[in-house]
Amino acid sequence: MAEPLLQIEGLSKAFGAVVACDDVTLALPAGELHAVIGPNGAGKTTLLGQLAGELRPDAGRIRFAGEDITSLPAHARALRGLARSFQITSLFPRFTALENVALAVQAQAGHSFRFWRPAAREAALSEPAAAILDQIGLSGRAAVPAAALAHGEQRQLEIAMALAARPRLLLLDEPTAGMGREDSRAMVEMLAGLKAEGGITILLIEHDMDAVFTLADRITVLVYGRVLASGAPAEIRANAEVRSAYLGEAEEAN
Amino acid sequence: MPSVTRRGLLLLAALALLLLLPAVVRGLGIDYAVGVATRMLIFALAGASLNLILGYGGMVSFGHAAFFGAGAYVVAILSQHATYGEPLMTWPFVIEGTESALIAWPLAMAASGLLALLIGLVCLRTSGLYFIMITLAFAQMIYFFFISLRAYGGEDGLSLFARSRAGPLDLADDVQFYYLVLVILLVALALQRRLVASRFGRVLEGARDNERRMQALGFPTYRYKLAGFVIAGAVAGLSGALIANQTEFVSPSFLDWQRSGEILVIVILGGMGRLLGPVAGAVAFLLLEEVLSAWTEHWMLVLGPILVLVVLFARGGLWSLIDPRERNRG
């Protein structure tokens, strides 16, 4: 069997006495959409931070595409094809939507010690950026500064920037965070389309259970930083432990 | 688009005024004003160099005078050695003093750029308040280094025997010197305009607005910020080489923290992240100094409230009052 695209082994991270990630082992085969769920404070974002290279794990290893990336900084991981989106929208507010995506394209287009040609007039940056805005359904808003976009549009742009890197692995941190029902449904459709196109592996952190059970091939449940269960959506739904620890809780909350 | 035309007209008028200024002040019988105008242009250049890292790069350097002063000292030290006919050093190779602008000014840029590289390597590992404090600390170290440099005047500073020689130009003539400084400033601003719109400029602005995202996109931001810091240091060194020629004197006060503060005020007053902001800032700052210091030595008492008003009500600085297009930007 081929080596999985992403292999996490014994990953641990503590903040003082709080163990946010406790011996997590996971494997993502290429092409899988894998959802990580868990109650607030379960360590989902800590896990993602370690995968993206923003947090240094206390123990454990991360292998990506056959290479140990545990000690690589964030920008080096991004250049190897590992892109992320942020839970709290993290755009360049003064740049237009197109410029935001063009910057993501630029990151993958060699070094940026280019001092002379205006970036705005470089077709090599703006054309791929326009294509991605089109794919994501934002082409009509290309010239609008990111700060002036509606919340749902900003969330879409957030994904567009991650996609612009043409990543092999996409880490999505709550893409539907703060969205209304309508925007949320549009986002799920967009992600389903992305998955159907193939060629991309996605690790999805999400609170919206409808989205998770619609999209995921496999689901991992984190509680207190530990993997409580991991398997196909039907298994997770049937798992008594998960129901009591999380799903039941969520139903009560609703 | 009436505002664009207005902007164009305004820039044209300002350029005409700058070109005609020597003739106008001579007509008015206030020849000394050429020197004041030259100082404004030189501080505009120093401000523009800080604007690159502060306005576009978001790096609040509180030690910019170190590069400014180092550039001034390079010109003065080379000039002193040329005057006395002593080589600057004889081992491992001989460096003679020089009064040639073509040698001394690029050397001033190189020395300040190198200094910026060394300081930037350390400072850019920090950010925010720490960055402000550590740039200040380095600048003060350089300041005390020059104070202790007995051979070059120590605390008393160093007089230049003459201004630099620049080919057919006679820089001892205030009007010719003024025009040379004006050309240098215009060229520097034109280059800066290209630079901030380039891929490199995008990375600087991106790192200013959201460095974490830049790294997640795959940009090693540290090296780009360092490159920007070095360019800014080298241009500040050039402005220092010009001020040494203008005053024909250098002293450690050229690189103390108050001078760093003045350059910061010029940029903030004029408009951070606006190409021509530092020009407006330098003109306003030196004009206020010129007018008010004749009236009271406590002229900063007036500058302070003005700065507060600008920061509160014109966040794009004076330049945004002049150019309405700039008003609504960040």
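Trainee: Where does Thr126(B) lie?
Mentor: Thr126(B) is in a loop of chain B, the one between helix 4 (101-123) and helix 5 (129-147). Keep in mind that this is a predicted model.

Trainee: OK, zoom out. How many helices and strands does chain B have?
Mentor: Chain B has 12 helices and 2 strands. Reading from the N terminus, the order is α-α-α-α-α-β-α-α-α-β-α-α-α-α.

Trainee: What about its overall dimensions?
Mentor: The C-alpha trace of chain B spans about 60 × 55 × 40 Å along its principal axes. Its radius of gyration is 20 Å, which agrees with the value near 20 Å for a compact globule of 330 residues. Buried residues make up 49% of chain B. Of its contacts with a separation of 6 or more, 74% are between residues 24 or more positions apart.

Trainee: Now chain A. What is it made of?
Mentor: Chain A has 9 helices and 10 strands. Its radius of gyration is 18 Å, close to the 18 Å from the globule rule for 254 residues, so chain A is as compact as a globular protein of that length. The C-alpha trace spans about 60 × 40 × 40 Å, and 42% of the residues in chain A are buried.

Trainee: How is chain A divided into domains?
Mentor: Domain 1 of chain A covers 1-81 + 167-254, and domain 2 covers 92-166. Their C-alpha centres lie 26 Å apart. Where they meet, 9 residues of domain 1 of chain A are in contact with 9 residues of domain 2 of chain A.

Trainee: Which element gives the most on the domain 1 side?
Mentor: Helix 6 (residues 181-197) of chain A, with 3 residues. By class, that side of domain 1 has 7 nonpolar, 1 polar and 1 charged residues.

Trainee: Back to strands. What sheet is there in chain A?
Mentor: There is an open sheet of 6 strands in chain A, in the order 6-7-8-3-9-10, with mixed pairing. Strand 6 (82-84) and strand 10 (226-231) of chain A are at the edges with a single partner strand each, so one side of each has no neighbour in the sheet. The twist averages 15 degrees from one strand to the next.

Trainee: What does strand 3 of chain A pair with?
Mentor: Strand 3 is joined by 4 bridges to strand 8 (residues 201-205) of chain A, and these two run parallel. Another 4 bridges join strand 3 to strand 9 (residues 218-223) of chain A, also parallel. In strand 8, Leu204(A) is the bridge partner of Ala35(A) and Ile205(A) is that of Val36(A). On the strand 9 side, Ile37(A) stands opposite Val221(A).

Trainee: Why is strand 3 of chain A called largely enclosed?
Mentor: Because 5 of the 5 residues in strand 3 (residues 33-37) of chain A are buried. In a regular strand the side chains alternate between the two faces of the sheet. Here both faces are covered: Leu33(A), Ala35(A) and Ile37(A) are buried on one side, and His34(A) and Val36(A) on the other.

Trainee: What about helix 1 of chain A?
Mentor: Helix 1 (residues 44-52) of chain A packs on the sheet and touches strand 3, strand 6, strand 7 (169-173), strand 8 and strand 9 of chain A. Its direction makes about 145 degrees with that of strand 7. Helix 1 is largely enclosed as well, because 8 of its 9 residues are buried. Among them are Lys44(A), Thr46(A) and Gln50(A). Just after helix 1, Gly53(A) has a positive phi of about 100 degrees.

Trainee: Last one. How many residues of chain A are in contact with chain B?
Mentor: 26 residues of chain A are in contact with 23 residues of chain B. On the chain A side, helix 2 (74-79) and helix 3 (97-107) are the elements that give two or more residues. By class, that side has 17 nonpolar, 5 polar and 4 charged residues.

Notes
Residues are numbered from 1 along each chain as its sequence is written. Chains are lettered from A and ligands numbered from 1 in the order in which they are written. This is a predicted model: local features need pLDDT of at least 70, side-chain atom pairs count only at pLDDT 80 or more; totals for chains, interfaces and linings use all residues. Domain bounds come from an automatic or database domain assignment. Two residues are in contact if their C-beta atoms, placed from the backbone, lie within 7 Å. Ala, Val, Leu, Ile, Met, Phe, Trp, Tyr, Cys and Pro count as nonpolar, Asp, Glu, Lys and Arg as charged, and the others, Gly among them, as polar. A residue is buried if 20 or more other C-beta atoms lie within 10 Å of its own, exposed if 12 or fewer, and partly exposed in between; C-beta atoms are placed from the backbone. Two strands pair if DSSP finds at least two bridges between them. The radius of gyration is taken over C-alpha atoms; the globule rule is 2.2 Å times the number of residues to the power 0.38. Axes are lines fitted to C-alpha atoms, for helices over the stretch in contact, and angles run from 0 to 180 degrees between N-to-C directions.
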